[in-house]
Amino acid sequence: TMLKSTFTLLSWQQQVGQYYTIPSAQLKKAFPNGLPRRFQMQIKTFNEACVMVRQPGLELISYLKRADYAKPALRYILFGEVGCGKTMSLCHTLHFCSTQGWLVLHVPDAHLWVKNCKELLPSSSRPTRLDQPIEASQWLKNFKITNEHFLSKQIKTTRRYIWTKRESTEEGRPLGEMVDHGMSRVKSSSDVVGALLRELRLQAGGATEDAFRLAVAVDGVNALWGKTSLKKEDKSPVSPDDLTLIHNLKKMLRNDWCGGAILTTLSQTGSLFKPRSAYLPTELLGEEGFDNMDPFVPIPVSNYSDKEFESCYLYYMDRNWLQHPHSRTEEGRKELLFLSSRNPSILERLCSFL
Amino acid sequence: MAASSRSVFSSCLNYTRSFSLTSTRTSRQFTRQICVSSRVQVNKAARGPEKFSIEYIRKHAEEFEVGKRRLANMMGEDPETFTQQDVDRSIEYLFPSGLFEKKARPVMKHPELIFPKQTAAQWDKDGRPFHFLFYTGTPSFYSIMHDTFGKVLAIEKHQDQMRSKGALPQDSKQISLGGSRWLLKEELEEVLVENISDQDYSRFLQLMDKLLSLPFCALEEEFVQRFRKQLEIQSTKQEIPDVHCDENGRSYSQAQGRRKTATASVTLRDCGSGRVAVNGKDCLLYFPILQDREQIMFPLHFAGMLGRFDVQAHVEGGGRSAQAGALRLAIARALLSFVSTPAEVETIRQAGLLTADPRIKERQKPGQAGARKKYTWKKR
């Protein structure tokens, strides 16, 4: 069953299994890079972004609605088996947040910051740390697209930041200027990111008129406490704490600030040195990560239920995605059910063959 | 020659030993010589195949019966109800052999089964042959052809008579040929105790077909059935596992399957939702490759019972594909107990789901790198 209207808040149980469309104008703004790759391909094919409403997403949204934002930020961790729909649930929640006017700080995949980095510069501010200019500038670009209206008008810097001998940002300037500086001066982009995070932390949830709520969304948060595959020039391994971006992000994930929420996902697919069968927070975060993230609200994401599977199958039929005549029969449906074993990503990959 | 390659114990158990007594002199001294002296040069090849006369075989048959009773007494069982199976079992127990070739092991069977069948004397004392077709070289075969053609002529004559009377029935009874096949050339040779050529065999089949094409061939049904072999329905031999009921009231069945080196044991529970658990993990996690999951799905899909069962499996050994194949066989076997009719069992058998795959890893040969791969060949 399809809901073609834009997202409206309706009662819980009815909504599970139904699809809603994100209008394409909002799509580019909200998720310049945030959606899973296969979903982006599906959007291009079907010419629309249809997200299924599922129980974990609704649960998370209900928690966000009921939370008290005068208290320190709550941490939510979405976990589940590979391909269950954790990233999709996160994106669903973020879309909700952006429609509610929150400031969304979305790190699409923390694992990208921890492996395959082409350039590692020693940090200008601290000698022991390493910078990642490319990733930082890319992220700043996406951040700007998402939160354009916040940056240009409302938020101001609280102190003076000195990037290099000649460049600095004065106090009271709009944050957008800082972000532009970071994008143009690639060398100091990592420091810009750190400063940005600090500013947002200080200013979120204030009592003033133009207070905003901050949603920090990190996908693949277990990357922050795992190992990296990067090496320094003397071939010694780099630990995540040595990277500026990771270090600042970890500070962000501490629940010592008010006026927002921290939404995270665990991910095994991009993780380094973790077995494929690991999906629980204890396994993927490790001891250190678990202690840091504790206390958090765990939200398990599971495979499709019968109703959700039915809904997905009907959606593909409706879009004429299942071309093979046998797949449209009852027999074919049972085969798909068995072979995908109700896993959303496997089902999607199977249907793309047909 | 055929008999000498197998060890015959029918005489051994009778405690009669044949001494070869040769005395070079006519004195009353008996010398027991074990070996034949070199004076007598025997050309075994020119003698032709060994001939066993009817008296010889009859004598050995009596000895065999007596020996069987003695064996039964030795084993402490009832001599009256001592079957050939019991004889084989006892011999295997008394003479354990480590030989791989089954035909080389000790055997105690009726002489008719051991000695090759030979034709009796074909001519009388004057040299005149008994059979009128003796000079064809294969009298039994040609006599069958002669009889068959005689029957063909008789049937045609009968048909003419019926036609002249005007009582030609429209629906004539045909001999049912389903479930049987013609005897193969080797089987026919065995029946006739003669060698036949391929052309002879094909002529025989043609003549039989001609006989069957006539309308009144039902009269000669018994004659024709002598040359046909009944085929059993393979599925009747299939073992179907039992259905048990656990404490919740769900019925379940268990079966094993093997492929290459992997063994799988499967419990199939009714009233399930199509979930498969392998070694405690979900089927998707244990077999990330689509091909393996398709293999497991095939028996259930073929029988049309996809969403009905819960599968609980334990598998070990082998590789990924071997484990999937073993699971498939085990699931198919366990499925038989939930299948309703024997016809469905037959379809499953014909789909090849119940045949254990006999292929295993081929052995490496000496002088070669692998089973087939040779070392580099150098011309000189």
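Close-up 1. Asp294(A) counts as partly exposed because its relative accessibility is 41%. This is a predicted model, so keep that in mind for every view here. To find Asp294(A), go to the loop between helix 11 (281-293) and strand 12 (297-301) of chain A. Together with Glu287(A), Glu288(A) and Asp291(A), Asp294(A) forms a negative surface patch.

**Close-up 2. Phe52(B) and its two ring partners.** Over all chains, the count of aromatic pairs comes to 20. Here's one of them: the ring centres of Phe52(B) and Tyr56(B) lie 5.5 Å apart with their planes at 25 degrees, so this pair is stacked. Phe52(B) counts as buried because its relative accessibility is 11%, while Tyr56(B), at 32%, counts as partly exposed. Phe52(B) also pairs with Phe115(B): the centres are 4.6 Å apart and the planes sit at 50 degrees, so that pair is tilted. The Phe52(B) and Phe115(B) pair links distant parts of the chain, 63 residues apart. Phe52(B) sits in the loop between helix 1 (44-47) and helix 2 (54-75) of chain B, and Phe115(B) in the loop between helix 4 (111-114) and helix 5 (139-165) of chain B. Both of these Phe residues, Phe52(B) and Phe115(B), are buried.

Close-up 3. Five residues, Tyr19(A), Phe46(A), Tyr315(A), Tyr316(A) and Trp321(A), form one aromatic cluster. While you're in this part of the sequence, have a look at Asn320(A), in the loop between helix 12 (306-318) and helix 13 (330-340) of chain A. What is the phi of Asn320(A) near? The value is near 60 degrees, which is positive in a residue other than glycine. Most residues other than glycine have a negative phi. Asn320(A) counts as partly exposed because its relative accessibility is 45%.

**Close-up 4. Ser189(A) under cover.** Is Ser189(A) buried or exposed? With a relative accessible area of 0%, Ser189(A) is buried. Ser189(A) belongs to helix 9 (residues 189-203) of chain A. Between the C-alpha atoms of Ser189(A) and Leu120(A) there are 12 Å, and the two residues are 69 residues apart along the chain.

**Close-up 5. A salt bridge between two helices of chain A.** The whole model has 32 salt bridges over all chains. In this one, the side chains of Lys144(A) and Asp180(A) meet at 2.7 Å, N to O. Lys144(A) lies in helix 6 (residues 133-146) of chain A and Asp180(A) in helix 8 (residues 175-184) of chain A, so the pair ties together parts that are 36 residues apart in sequence. Asp180(A) is partly exposed, with a relative accessible area of 33%.

**Close-up 6. Two salt bridges of chain B.** Arg250(B) forms a salt bridge with Asp310(B), and their closest N and O atoms are 3.1 Å apart. This pair links distant parts of the chain: Arg250(B) sits in the loop between strand 3 (244-245) and strand 4 (251-259) of chain B, while Asp310(B) is in strand 8 (residues 310-316) of chain B, 60 residues apart. At 22% relative accessibility, Arg250(B) counts as partly exposed.

The side chains of Asp270(B) and Arg308(B) meet in a salt bridge too (3.1 Å, N to O). They also link distant parts of the chain, 38 residues apart: Asp270(B) is in the loop between strand 5 (262-269) and strand 6 (276-278) of chain B, and Arg308(B) in the loop between helix 10 (290-303) and strand 8 of chain B. Which side of the cut-off does Asp270(B) fall on, buried or partly exposed? Asp270(B) counts as buried because its relative accessibility is 11%, and buried means under 20%. Arg308(B), by contrast, is partly exposed, with a relative accessible area of 33%.

**Close-up 7. A nonpolar patch on chain B.** Met74(B), Tyr93(B), Leu94(B) and Phe95(B) make a nonpolar surface patch of about 420 Å². One of the four, Met74(B), lies in helix 2 of chain B.

**Close-up 8. Asn279(B) and its positive phi.** Asn279(B) is a residue other than glycine with a positive phi, near 55 degrees. Look for Asn279(B) in the loop between strand 6 and strand 7 (281-282) of chain B. Its relative accessibility is 31%, so Asn279(B) counts as partly exposed.

Terms used. Residues are numbered from 1 along each chain as its sequence is written. Chains are lettered from A and ligands numbered from 1 in the order in which they are written. This is a predicted model: local features need pLDDT of at least 70, side-chain atom pairs count only at pLDDT 80 or more; totals for chains, interfaces and linings use all residues. Side-chain values use heavy atoms; hydrogens and water are left out. Patches are made of residues with over 30% relative accessible area and no salt bridge: like charges are joined within 9 Å, nonpolar side chains (Val, Leu, Ile, Met, Phe, Trp, Tyr) within 5 Å. Accessible areas come from the Shrake-Rupley method with a 1.4 Å probe; for residues, only the protein chains shown count as cover. Lys and Arg count as positive and Asp and Glu as negative; His and the chain ends are not counted. The place of a charge is taken as NZ of Lys, CZ of Arg, CG of Asp or CD of Glu. Buried means under 20% relative accessible area, exposed over 50%, partly exposed in between (1.4 Å probe, protein chains only). Rings of Phe, Tyr and Trp (its six-membered ring) pair if their centres lie within 6.5 Å; planes under 30 degrees apart count as stacked, over 60 as edge-to-face and the rest as tilted.
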